[in-house]
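Have a look at the structure first.

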Amino acid sequence: MEKISTNSSRRTFLKSSLLAGGGLMIHFSGLAKFALPAGSAETPLIQLTEINGYVKISEDNIITLICPNPEFGQNVMTSLPMMVAEELDVDWKKVIVEMGPHDSVKLGAQFTGGSNSVRSYWRPLRMAGATARNMLMQAASQTWAVPIEEITSKAGILYHEKSGRNGTYGEFATKASAIPVPKEVKLKAVKDFKVVRTSQKNVEGTKIISGKPLFGLDYKHEGMLIAMIHHPPAFGMKLKSFDASAALKMPGIKNVFSLK
C-alpha cells in the first residue's frame, strides 16, 4: 500500500460551495468558481454530491465516474474510470460512466493522442478515488462514533464489523462532502487490485458501432462547407496545374483551389 499526499500532483484538491439539495462540490485547484449555487437553474434533476472532480454519488447510491478524455475507440472511457473505481472500491458493473464536459480547468488537458492517457492519469485518478473513499469512511466513522480504522469497504458499502452496522456510500455522501479533504491517502498495492486487472468491455462499444456518439464529422453549422483534399499519387510529387471547370459545374461545389 502506498501513501500519497493529495497535494503532490499538479492538481490540488479544494473545497467549493454547496450543491443544491445538499453536499459540497470538491474539485482540483482553481475550480471554486465552477460550483453551482443553491437554486441554480442548472441544478440536475437527480441531486448528486460531487465528492471530487471524477466522482459523483447520489443519496440512493448511484455512483457516476467522470472520464476526462474523449473516447475514440481506444477504450479510455473504460480504462480511466476503472482506475477511479479501483481505489473507490466499487462494483464496476454497477457504476455509470460519463464523458466529462469540455472544461480543461476542471478536468485537465482533455486530449487524445500519443498513447498517454493511462500514464498521465494513473496517479491522479487513483488518488481521486482513494480520497473519496477516505472521506466516506470518515463520515461513517463520525456517524457510528467508531474509529475509522475499524471501517472497511466493499463494492460501494461501508462496514463496521464489531457492531454489525453497514451502509451504502450514498447514505454518507452528503456528510462526506463536508469533511476536510485528507492531507494524504493510501493507494492500493497492485496485488490487491480487483478492477484494474480485469478485462472489461468498452462502455461505449455498443454506442460506437451503432453510430450514436457525436464525432467531428457529425458536426453541422449553418453555412458550413466541407473541404476535400486530392493528394498526388506519389510522395514528393508537386502540382503543376489543374483544370477546375468540370468540377465547378457539379452541384454543391463552391470553389476549387490549390494549397501552397
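Which residue forms a salt bridge with Asp192? That's Lys191, with the closest N and O atoms 3.3 Å apart. Keep in mind that this is a predicted model.

## Salt bridges

The count of salt bridges comes to five.

Another of them joins the side chains of Lys188 and Glu86, at 2.9 Å from N to O. Lys188 sits in the loop between strand 11 (184-187) and helix 5 (205-209) and Glu86 in helix 1, so this pair ties together parts 102 residues apart in sequence. Lys188 is buried, with a relative accessible area of 17%, and Glu86 is buried too, at 1%. Then there's Glu204 with Lys207, whose closest N and O atoms are 3.6 Å apart. Here Glu204 is buried at 12%, whereas Lys207 is partly exposed at 42%.

## Around Thr78

Thr78 is part of helix 1, which covers residues 76-88. With 2% relative accessibility, Thr78 counts as buried, the cut-off being under 20%.

A polar atom of the Thr78 side chain lies 2.9 Å from the backbone nitrogen of Val203. Leaving aside residues up to four places away in sequence, Thr78 also touches others, including Glu71, Trp92 and Gln200.

## The largest pocket

The largest pocket holds about 1,000 Å³ of space. It's lined by 23 residues, and Met228, Ile229, His230, Val256 and Phe257 are the closest to its centre. Sorted by class, the lining has 15 nonpolar, five polar and three charged residues.

Key:
Residues numbered from 1 in each chain as written. Predicted model: local features only at pLDDT ≥ 70, side-chain atom pairs only at ≥ 80, totals over all residues. Heavy atoms only, no water. Helix = DSSP H or I, 4+ residues; strand = E, 2+ residues; numbered from the N terminus. Buried < 20%, exposed > 50% of the residue type's maximum accessible area, 1.4 Å probe, protein only. Polar contact = N/O pair within 3.5 Å; in protein donor to acceptor, adjacent residues only side chain to side chain. Contact = heavy atoms within 4.5 Å. 1 Å grid on protein atoms, 1.4 Å probe; cavity = no way out; pocket = protein on both sides within 12 Å on 5 of 7 lines; lining within 4 Å. Points joined across faces, edges and corners; volume = space filled by probe spheres on them. Nonpolar A, V, L, I, M, F, W, Y, C, P; charged D, E, K, R; others polar. Salt bridge = Lys/Arg side-chain N within 4 Å of Asp/Glu carboxyl O.
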